[in-house]
Protein chains: 4
Amino acid sequence: MTTRFGLLGAGRIGKVHAKAISSNPKAQLVAVADAFEKAANDLASQYGCAVRSVGEILKSSDIDAVVICTPTDTHADLIEQFSKAGKAIFCEKPIDLDVERVKACLKVVDAAGGTLMVGFNRRFDPHFQAVKHTIDQGEIGAVEMVTIVSRDPGAPPVDYIKRSGGIFRDMTIHDFDMARFLLGEEIDTVSAQASVLVDPDIGTAGDYDSVSVMLSTASGKHATISNSRRATYGYDQRIEVHGSKGAVSAENQRPVSIEVANASGYTRPPLHDFFMTRYTEAYANEISAFIDAVESKSPASPSGIDGLIALALAEAALKSVKESRAVKVSEITGPLADRSVFQGR
Amino acid sequence: MTTRFGLLGAGRIGKVHAKAISSNPKAQLVAVADAFEKAANDLASQYGCAVRSVGEILKSSDIDAVVICTPTDTHADLIEQFSKAGKAIFCEKPIDLDVERVKACLKVVDAAGGTLMVGFNRRFDPHFQAVKHTIDQGEIGAVEMVTIVSRDPGAPPVDYIKRSGGIFRDMTIHDFDMARFLLGEEIDTVSAQASVLVDPDIGTAGDYDSVSVMLSTASGKHATISNSRRATYGYDQRIEVHGSKGAVSAENQRPVSIEVANASGYTRPPLHDFFMTRYTEAYANEISAFIDAVESKSPASPSGIDGLIALALAEAALKSVKESRAVKVSEITGPLADRSVFQGR
Amino acid sequence: MTTRFGLLGAGRIGKVHAKAISSNPKAQLVAVADAFEKAANDLASQYGCAVRSVGEILKSSDIDAVVICTPTDTHADLIEQFSKAGKAIFCEKPIDLDVERVKACLKVVDAAGGTLMVGFNRRFDPHFQAVKHTIDQGEIGAVEMVTIVSRDPGAPPVDYIKRSGGIFRDMTIHDFDMARFLLGEEIDTVSAQASVLVDPDIGTAGDYDSVSVMLSTASGKHATISNSRRATYGYDQRIEVHGSKGAVSAENQRPVSIEVANASGYTRPPLHDFFMTRYTEAYANEISAFIDAVESKSPASPSGIDGLIALALAEAALKSVKESRAVKVSEITGPLADRSVFQGR
Amino acid sequence: MTTRFGLLGAGRIGKVHAKAISSNPKAQLVAVADAFEKAANDLASQYGCAVRSVGEILKSSDIDAVVICTPTDTHADLIEQFSKAGKAIFCEKPIDLDVERVKACLKVVDAAGGTLMVGFNRRFDPHFQAVKHTIDQGEIGAVEMVTIVSRDPGAPPVDYIKRSGGIFRDMTIHDFDMARFLLGEEIDTVSAQASVLVDPDIGTAGDYDSVSVMLSTASGKHATISNSRRATYGYDQRIEVHGSKGAVSAENQRPVSIEVANASGYTRPPLHDFFMTRYTEAYANEISAFIDAVESKSPASPSGIDGLIALALAEAALKSVKESRAVKVSEITGPLADRSVFQGR
């Protein structure tokens, strides 16, 4: 059985998914759409697929699933349309920058009963998966404190920053999801501090480039997140989980692991220079998991609700910075008593 | 020239200092005092020094300096007495559990014009000193984010906890001082979260065993601290500083650095089992620095004011937990406009 | 431009190359041949290629190049046939177990003027390539001592051992080639010692399972090789080069790089469990380099002469063990004055 | 009980032992002798001991044991004299450069029945001891292959080289002893290769600066040693033992373990700059073990026979280089049938 894909968006992350799809023996990339014609054509000729409009893909009977890599402000609308059209949907994070809009969108998905998976790629990194597996095997006992360090090699252009929804929604959102993934308990409270240390233009644009976050669960588990938009030594991506019986950590990855020794000391090369090379395996595993969900018609994970909660944590963090206080997640999401509604299958 | 020492307190930390003093070629341990006679006698016979009462040491003309290792609630009184008697003073942290009492004590020290050094031993660890030196050399550019992980192998007895002033004043205080040491700028705001995950009796005693802290300076530098009273893998003591041009970290230390490989993987031994072995060199360097200050009649560092500020940070952290908000350090200390008063030389 | 491949042999290593060819955008796997019909069929259906006999592939005008993965005793004959037929040839090591047979074969290749590349895959490992690059950049000065540790996770079946030509020709041959690759100077003398420590049946079969080798060049550079047929901790593959200005090393690789800490210590997982996963990238890079040579009609590297010399080193090592003395490589190869003859392009 | 020491020789290694003795609570440094008066006086004033001639120490009733740190050509004579005088003897390696002279000396020691310990300090390094302990606990099964890398930061003056007996007797001798210590079986055969790569003056002086050695035992266990007189990255001292169930290794040591990360990569500082700082603990443990042997009147280890065998291995290595062949240790020592004679207690 082969899952036939339409790709919406042929930009940087679209290319990453195109490669993952075309390398997957269970998948076929049938068509790509992009408002920027040349981008669509280039990708189509590289992977031997058709160029179609979004509307055409929506109606294509030879397409089972779409991967949404268009600008964020189109995500929710596209999810709703394709959901109603009965296509399985993989959508890059975030679903929308607004929590209420996401809730509305997920209700549509639920009504349509379709498959929706949100692109938290790091859950599929083999090293982070091994961390999770170690926890699940009980090797470190009860999880107590999760420590996440996540730093980009360099800040994106300020134009990108302006459309990004801010560092918490754009960058920290991955770490919020990872914290939830590893804590095994919903986050109750968020405290954050944020500043502009890397590039004053980022401040002028109303955003931050250096943030620290503390999270706590109802039972008192902790997580901390440290983000910077600039790390001279490469793409810094570490997690560590401290538990009642031990701890487990995933170290940074580098393209080559050699060491040069001389009178100045022992030097290993810098880390990967960004997410495309750092998370190559993660992207492949992610699409593979999506295909499994599509094939088996089982709920996808991470789900729409996972996307919603990560976004709510981002909003809570921003509120915490603005108000200099710990913010309850429920202040953002409401009680989520109707959480079962948002399964985002 | 030899600095002649009186040791007040022959308990666990007193023994550590007795060893450091007796191994230092510029120092002589002349006498020890302890309310518990046997402890004083044992230490005296091991190091070949006299047993005297505190009052006798106060009046001893053959003693230049005292090391105060008595219970915390005696520190401020002893500092005042020995300061007035013209002895140089090394006092274990904290000076007192109450900020106002510390302020009053430091005024007495200032009036007497004596030397006072507070026992933040970690500043003298060769690895942490190398981190500081790397920063001072400009190798990582401007300091932006300090990350401190500090976990004890096991919780102390609840009796100790009850007298300790709580985890922030007893344990985190070292990390507060280290954060100040490395940030190179005073801390402006403290946010903390705290819970009981290790031992419910600690909670019953009104304390916490697992805490996370975020600190920020006026210019927006960050520091985070993660503490637990229990780490199965040993005495976990790591610091990492991220700056505009790079980062520097000090890794954990273990007594033997071998690695055993077999079908289960590659295993290195656990870390040191506590501070006495982990910080052996730090204690030796600390006493040596104190002796240098005494000999040169220059101000000691860390000073009384360093002790005061670390205590204020602890108090701010506790307030932050209680009130679920970011707390300004100035709420605790007042403006410290009179800071020059508290040189605690 | 696409290089069209015929694959001779659909066994373990044949599958590795089939995967590398089919993942390479510049290559097409056209046909596979195997005496064992089911193996050929399975591989053909997995990669969507034809099944043909060796004779048919020899005559196929839609095939530019062959990859020889058949049993060793067929290599030299196949190289000669396909060379005469004008196909580019990639042949797994060794060309033959007999040095004179290899010489004769290379003369045929030279006469035909075709491309021949020998499968020393490790030269294409990104980590080892980075070591080589570091040397070539002059970062460690003049190379002085190469240290190679190479241990298999477990011994192959004794049946395999019997046909293998012995550990030096089968296993150490890779390390001989790596030593030459890194020394940058031909090896002059070989000393070896060998014993049976892993499996007495290997001894009964006339082979060894544990060997140490010392190599020296005319100018006095050293290399040492340590081989065992069994390492409980995985596929142990390390190289280290010591030079006049420094040293460079490539550490072992593992599938996941996490670390679990508890009261027993700090444990990282075992290494890769064998060459297929350890050298995945190396195999892909190797085929890519072969395709580049085919496309550009430039000499392939490693060449036939590289295959010949590595084999001669294996023979010298065996002679050294038998005669308890240092053996000159020229005792095996003759003067190689006619070395230019054996370019094995 | 206190062991009262006389120190013969106040040079570089004499100072190392003076420090170890004076820091040991069970030892007292009573007197020092040195042909160079100023050296003796300086050391005496630093450690508060007397200056006496060798002859006076020989007759001193207040001295129980001597540490011999004089030039090598005086060792055997001094051992004989002090042995007859009933003093316990710790002698720096080697006992003599000539195997027959050592044998004769050990006979005298045996006749006198005294304690003789030879200074193979590395056996007392805590990391190497942990390796040995791991082996003894059976954690790696049967020992199969020992790998020793041992490189000095820089070559000694050629004047020293000329008197040293050559690199095998002066430098490799430590590694020969370590190989024996870890193999747990006597070495049967030695193969070595040697060259001059570091300093041509060393070659002019008739010595080598870069050597590789292979050792084998009767049962087929292997050891390899790699030595260079120059390593730009510091004092390189590694051992690794591969066994039937696993492997154990001791990594290099550095004075501070920090890591600096920037665009050039991740850099740890160089290693210790020589044996005095690298083996500080080893020297302290060594003297402590000697004192234990003196106090308990039990045989010292490493013994005189250990010194003899290490020297014989050095001689065998030199013979192997000269004759380009594997050399049996028995060619040097004779059958050692009378080995029980040389207990060198």
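This is a predicted model: local features need pLDDT of at least 70, side-chain atom pairs count only at pLDDT 80 or more; totals for chains, interfaces and linings use all residues.
Residues are numbered from 1 along each chain as its sequence is written, chains are lettered from A in the order in which they are written, and side-chain values use heavy atoms, with hydrogens and water left out.

Strand E4 of chain B (residues 65-68) pairs on either hand with parallel strands: four bridges join strand E1 (residues 3-8) to E4(B), and four join E4(B) to strand E5 (residues 88-92). Helices (H or I, at least four residues) and strands (E, at least two) are DSSP runs, numbered from the N terminus, and two strands pair if DSSP finds at least two bridges between them. Phe5(B) has Ala65(B) as its bridge partner in E4(B), while Ile68(B) is partnered by Cys91(B) in E5(B). In a regular strand the side chains alternate between the two faces of the sheet. Both faces of E4(B) are covered, with Ala65(B) and Val67(B) buried on one side and Val66(B) and Ile68(B) buried on the other; buried means under 20% relative accessible area, exposed over 50% and partly exposed in between, with a 1.4 Å probe and protein chains only. Together with helix H4 (residues 72-84), E4(B) and E5(B) make a right-handed β-α-β unit, the path from the first strand over the helix to the second running clockwise with the strands pointing away from the viewer.

Between chains B and C, 16 residues of chain B are in contact with 16 residues of chain C, contact being heavy atoms within 4.5 Å. The two chains bury about 1200 Å² between them, 48% of it on carbon and sulfur atoms; buried area is the accessible area (1.4 Å probe) lost on putting two parts together, summed over both. Tyr233(B), Tyr266(B) and Arg268(B) supply 44% of the area that chain B buries against chain C, more than any other three residues. Two salt bridges are counted between these chains, including that of Glu259(B) with Arg268(C), with the closest N and O atoms 2.8 Å apart.

Over all chains the count is 112 salt bridges, each defined as a side-chain nitrogen of Lys or Arg within 4 Å of a carboxyl oxygen of Asp or Glu. Glu240(B) and Arg151(A) meet at 3.3 Å, N to O, a pair that crosses from strand E11 (residues 236-243) of chain B to strand E7 (residues 143-151) of chain A. Glu240(B) is buried at 14% relative accessible area, and Arg151(A) is buried at 0%. In a further salt bridge, Glu144(C) and Arg230(D) have their closest N and O atoms 2.8 Å apart. Glu144(C) is buried at 3%, as is Arg230(D) at 13%. Arg238(C) and Glu240(D) form a salt bridge at 2.7 Å, N to O, and both residues are buried. Within chain A, a network of salt bridges links Arg123(A), Asp177(A), Arg180(A), Glu186(A) and Asp306(A).
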